[in-house]
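Let's take a friendly walk through a protein structure, one piece at a time. Keep the picture open beside you and look up each part as it comes along.

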Amino acid sequence: MNIGDQVRQGAASGHVVGRWDWPGSLPQAGSSEVILDVHDLTIDFNSIDGRLRPLEKVSISVSNGEIVGVVGESGSGKSTLSLALLGLLDSPPAVYAGGSISFQGTDLLKGSMAAFSKVRGFKLGMVLQESIEALNPVYTIGFQMREALEVLAESTGRPIKREEIESECLRLLAELCIDNPELVLTKYPHELSGGMRKRVAIAMSVLERPQLLILDEPTTGLDAYVQNRILSLLKRMSEEYGLAMLIVTHDLVLASRICDRVYVMYAGRILESGLASQVLREPLHPYTRVLVSSVPEGFSDSPDLPVQTGEPADIRKLPRGCKFQERCPLVRERCRMEEPQLFLLPEGRTSRCWLMESGIRTYP
Amino acid sequence: MESAPILELTGLSVVFRTHRGILRGLAPSDEVRALDNVNFEIGSQEVFGLAGETGSGKSTLARTLVGLYSPTAGEVRMLGRTIDYRSREDIRYLRKNVGIVFQDPVGSLNPRLRVKEVIAEAAIASGMPLVERKQRVEEIVQLVGLRESALDAFPRELSGGEKQRVSVARALIVPKKLLVLDEPTSSLDVSVQAQVLNLLRDIRRKLEISILFISHDLRVLKYMSDRVGLLFYGKLVEIADTRRLFNEPRHPYTVELVSHINDSGSSSSSSPVEHKPSDTGCRYSQVCPSRFSRCSEEPPMYSIGPGHYAACHLFESEPSSGKLSGGLSQLSAMADRENTSN
């Protein structure tokens, strides 16, 4: 019986042979140490339209073993945030205009951009939205995975044997429910389906045993079935290995299914945050309410969806005051004059809405 | 509201042949059965939802209905007329009655035409006189809720939601009997998706039109359709009234899919298996939790309730609860005959 068969059998029976070990430095799942702490992060783009601000004082935190979601519509700044955290924004035009990104206690914005390259790909993993772009089209999957492991071995100074590399790749692919991993290793990226590519991209990103994984739209464009598989894999990795994740998505159903906490973004700002179960069930910001009520529910004879007119915010022409005012059903005079701060509310929730100024209130 | 169906598909199969190498003329070709013996009908002013995962043949069906692919076997009847795919006139007849909105709003609009030209193009092709055309463009733009200023813009200047509105307007500029929507909202944000879904429901109420709504998103399908059919690798596995299908799914595949939209937290213990179709017998049998010896034979569509059909041997002995609509029971009987003769 070769290693591939062993692994497959193990995966099929639910017991993973030669369990995928993570280096000892990884903390136990459930310990609540903050691994990523972003404070007042502000990004500017110097574009021909003048100085734009896709992120304005964004503060988020992720603890070990936690799955945190960032949800919002297109143009809300979610992808800018994920790229900013990885130090992958093109500069120019992007400028870090303020704030701090503290990863495992080190501020990545102090000093040069080299701080990012030390952790990126090693301790800080990423899965980009377009998994086809994350893979090199002219090399086989196997070549790319081996290369990543060799780089890891070089950087840690721990030599790794050829057979070890081989079995490691196979084991990882089998963990991600890929049938016939030996065959997949010999394929080129274009020969795989979208769902398969996504899983290979996830496998590549966890190859280096990151402590935090940033995923940008991990299941967009995949059908419900494949989506389901990927979600349960991610959840399992977080539970078994205590891997922390930051998932950037526009899909509320996805966020409600997998995330522990969520941040809701609009026009480069956090508008609401809290436990996913609370935020998506009883939203405290009108914007979150709009999002949640837009998810179709019921049958063809159910009433039409309550729809707010208007398109997602355009950061080139943001209004004074609350940025959501134009689409807000509860807009008041004050919202047009002053922008609300992010009010701290009981149970660790926050909401950037004047209605919450004096604590949680039920909506009219 | 019993009237003649708008569209009837009988034993529809679409097979793609792939050839490899320079000796491709000599070598036997590989076959991909994108659609395999599909039977259903769409009634007048009905919204029929078609679900299935990637590769199940949903888009192949959509494209066959506007004459972009030809059936390998089986019959497409549009308003009672059997379409001969070799006849230009028949294809024209098909396209005159079927409008289509494609999944990708960017790729399906000509980037060099202004929005009003995109919309009017089909009207010009149909030979509509200028005066009528202008009026019609105005009407349709109002119907789909497109802002006036968008008419002179190029498609790239519009937002995703607006592009889909343009696609709908273009599909309906010449009045149609059937509108085929191939994943119309899958690239849109939830709030914009809600706007487009409302628009489609509004169109359905205002125009006397039938809709074939194709989506992999069961929530959206449930919300939009009167009846739903489920495809698995080219085979229709279950077909029923929407409420029935979601409340009492019968085919093991449907049961699995419907359970996904109902469970909120996917349990970490269940690691889902790869869906690989079987080459022989029931295509779902390889991953089916309730497979038994008979599954090596291909199951016919069994009638298991009013308007409810499932292609699974589990329901062989089920007493069908009578009162079936004429057309469908005939179709299913035909499918049965065909399968037993195989």
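This is a predicted model: local features need pLDDT of at least 70, side-chain atom pairs count only at pLDDT 80 or more; totals for chains, interfaces and linings use all residues.

**Chain B in outline**

Chain B has 342 residues, and 47% of them are buried. Its secondary structure consists of ten helices and twelve strands. Among the contacts in chain B with a separation of 6 or more, 66% are between residues 24 or more positions apart.

**Strands that pair up**

Back to the pair we began with. Strand E1 (residues 7–18) of chain B runs antiparallel to strand E4 (residues 73–78) of chain B, and five bridges link them. E4(B) also pairs with strand E5 (residues 81–82) of chain B, again in the antiparallel sense, through two bridges. In that pairing, Met78(B) sits opposite Arg81(B). E4(B) and E5(B) form a hairpin with two residues between the strands, and Leu79(B) in this hairpin has a positive phi near 50°.

Next comes a sheet of eight strands. It is open, its pairing is mixed, and the order in chain B is E6-E7-E8-E3-E9-E10-E12-E11. Which strands stand at the edges? They are strand E6 (98–101) and E11 of chain B; each has a single partner strand, so one side of each has no neighbour in the sheet. From one strand to the next, the twist averages 20°.

Inside this order, strand E3 (residues 47–51) of chain B and strand E8 (residues 210–214) of chain B are parallel partners with four bridges. Val47(B) has Ile211(B) in E8(B) as its bridge partner.

Two packed helices are described by the angle between their axes and the distance between the axes. For H5(B) and H6(B), the angle is about 20° and the axes are 9 Å apart. Angles under 35 degrees count as roughly parallel, and these two helices are therefore roughly parallel to each other. Their crossing is right-handed. On the H5(B) side you will find Gly160(B), Gly161(B), Gln164(B) and Arg165(B), which meet Val192(B), Gln195(B), Val196(B) and Leu199(B) in H6(B). By class, this contact has three nonpolar, four polar and one charged residues.

**Some residues to look up**

Most residues other than glycine have a negative phi. Asn37(B), which is not a glycine, has a positive phi of about 50°, and its place is in strand E2 (residues 30–42) of chain B. Glu183(B) also has a positive phi, near 50°. Glu183(B) lies in the loop between strand E7 (178–182) and helix H6 (190–206) of chain B.

Is Arg283(B) buried or exposed? A residue is buried if 20 or more other C-beta atoms lie within 10 Å of its own, and Arg283(B) is therefore buried, with 26 of them. The table puts it beside the two residues just described.

| Residue | Other C-beta atoms within 10 Å | Class |
|---|---|---|
| Asn37(B) | 24 | buried |
| Glu183(B) | 20 | buried |
| Arg283(B) | 26 | buried |

Arg283(B) belongs to the loop between helix H9 (252–262) and strand E11 (302–305) of chain B. Leaving aside residues up to four places away in sequence, Arg283(B) touches Phe232(B), Tyr233(B), Lys235(B), Pro277(B) and Ser278(B). Arg283(B) is 16 residues from Pro299(B) in sequence, and their C-alpha atoms are 9.3 Å apart.

**Where the two chains meet**

Finally, chain A and chain B touch: the contact involves 35 residues from chain A and 36 residues from chain B. On the chain A side, helix H9 (224–241), helix H10 (252–258) and helix H12 (286–293) each supply at least two residues. Which helix gives the largest share of that side? H9(A) does, with nine residues. By class, the chain A side has 13 nonpolar, eleven polar and eleven charged residues.

How values were computed. Residues are numbered from 1 along each chain as its sequence is written. Chains are lettered from A and ligands numbered from 1 in the order in which they are written. Two residues are in contact if their C-beta atoms, placed from the backbone, lie within 7 Å. Ala, Val, Leu, Ile, Met, Phe, Trp, Tyr, Cys and Pro count as nonpolar, Asp, Glu, Lys and Arg as charged, and the others, Gly among them, as polar. A residue is buried if 20 or more other C-beta atoms lie within 10 Å of its own, exposed if 12 or fewer, and partly exposed in between; C-beta atoms are placed from the backbone. Two strands pair if DSSP finds at least two bridges between them. Axes are lines fitted to C-alpha atoms, for helices over the stretch in contact, and angles run from 0 to 180 degrees between N-to-C directions. Angles under 35 degrees count as roughly parallel, over 145 as roughly antiparallel, 65 to 115 as roughly perpendicular and the rest as oblique. A crossing is left-handed if the near helix is turned anticlockwise from the far one by less than a right angle, and right-handed if clockwise.
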